[in-house]
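Work through the exercises below with the structure open. Each task is followed by a solution in steps.

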Amino acid sequence: MKITNNQIEDLYQFTRKHFVYHYDVQTELVDHLANDIEEIWLENPQLTFEQARDQSFKKFGIFGFMDVIEAKQKQMNKRYQKIMWRFVKEWFTIPKVITTTLIFLSIFSVLKIRHSEYVLLGTLFILAIFDLINLSKLRKNQKKKEEKLEKVFLLEAMIEQTRNGFTGLTFINLFNFVNLTKASFSDLENYWLVLISFSATLIFILFYVTGYVIPQKAEELLQETYPEYKLVKNL
Amino acid sequence: MGNQKLFKGSLQTIILQLLASNEKMYGYEITQKVKELTKGELNITEGALYPALHKLEADGLLDVEVANVGNRLRKYYKLTENGSKETANKVSEMQEFLRTMQQLVNPKFSLE
């Protein structure tokens with residue numbers, strides 16, 4: 001007996017019910033279950049599709065698909081980081097390194113001004129608001145996708161979510177940072193200022209890359225990561 | 001099966017070695033092949049196989065290819081260049097380990 005198209009669709013729903021939300025992970029599991037079910041039918045042709053499916057699922061152990069999801073997540077994290085550094089590195093090579101130096105120098109000169117922490121806080125505040133507006137737009141889009149049960153790939157979801165997480169983290173930490181250093185920046189030694197300016201420049205670039213560059217290149221990156229991406233999206 | 005624990009640490013080596021002798025394989029095929037080669041003695045569990053495959057892929061040892069087979073998509077794994085090199089290393093490590101274990105478990109007595 002062979003698995004029918006409807007049963008394949010049922011298997012996709014089955015993986016979703018067992019907390020596998022991303023299409024790339026689902027696909028591999030669906031193929032595995034389908035192969036196994038066909039094998040089970042060879043030995044026990046009297047079993048129904050559901051019985052064979054449950055028998056096959058049991059082989060994944062008591063945690064079900066959890067181990068698979070976790071491993072996949074780890075693998076994708078590594079890949080995401082690689083992609084991120086690839087873009088961040090660009091900012092330290094010609095010609096972008098000129099912009100990087102300019103950012104660094106402007107932060108440094110702002111820090112030299114008296115009461116620079118207020119200038120910094122103000123700038124951060126404006127950036128945060130600007131970014132939050134963008135985020136809420138993105139969230140709406142994401143919700144629409146979820147409602148439509150579109151096929152969302154793991155890396156695709158990560159590109160959107162890392163953006164959220166990273167932005168939040170950066171801002172929360174920077175606010176803390178400014179609050180913690182009660183001493184005003186302009187009184188600090190120059191090497192401290194260089195260090196702070198450099199870190200701030202790096203954070204700014206990371207923020208820009210994860211928040212704007214990678215999402216813009218998402219389509220390209222997804223095609224590079226998933227050989228099946230075009231095939232699936234055109235279905 | 002009592003020996004499952006013993007072989008868990010060798011899973012990556014087994015996968016790499018299988019892929020070295022078969023150009024490309026998919027997950028289910030690997031479980032079946034191991035069963036066949038060991039005459040059912042070893043059983044790779046699904047919950048261990050895919051995490052191992054994903055880890056090898058993340059480490060750049062495996063590459064993937066997707067094909068449409070009938071009514072579903074199938075993900076094939078194959079060795080990358082690095083993967084081939086690593087296979088040789090891992091296999092010789094494994095052989096070394098087996099020899100050492102052999103000496104520990106089954107020491108040859110001599111009169112010297």
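**Exercise 1.** Which side chains of A:Glu28 and B:Lys75 meet, and in what kind of link?

Solution. This is a predicted model, in which local features need pLDDT of at least 70, side-chain atom pairs count only at pLDDT 80 or more, and totals for chains, interfaces and linings use all residues. Residues are numbered from 1 along each chain as its sequence is written, chains are lettered from A in the order in which they are written, and side-chain values use heavy atoms, without hydrogens and water. The side chains of A:Glu28 and B:Lys75 form a salt bridge, at 3.9 Å from N to O. The term requires a side-chain nitrogen of Lys or Arg within 4 Å of a carboxyl oxygen of Asp or Glu. Between chain A and chain B the count is 5 salt bridges.

**Exercise 2.** Describe the extent of the contact between the chains.

Solution. Step one: with contact taken as heavy atoms within 4.5 Å, chain A gives 28 residues and chain B gives 20 residues. Step two: about 2,300 Å² is buried between them, 55% of it from carbon and sulfur atoms; this is accessible area (1.4 Å probe) lost on putting the two parts together, summed over both. Step three: A:Glu28, A:Asp31 and A:His32 supply 25% of the area that chain A buries against chain B, more than any other three residues.

**Exercise 3.** Which residues of helix α3 (residues 49–58) of chain A are buried?

Solution. Buried means under 20% relative accessible area (1.4 Å probe, protein chains only). A:Phe49, A:Ala52, A:Arg53, A:Ser56 and A:Phe57 qualify. The buried residues of α3(A) pack against α1 and α2 of chain A; helices are DSSP runs (H or I, at least four residues), numbered from the N terminus.

Conventions: Buried < 20%, exposed > 50% of the residue type's maximum accessible area, 1.4 Å probe, protein only. Helix = DSSP H or I, 4+ residues; strand = E, 2+ residues; numbered from the N terminus.
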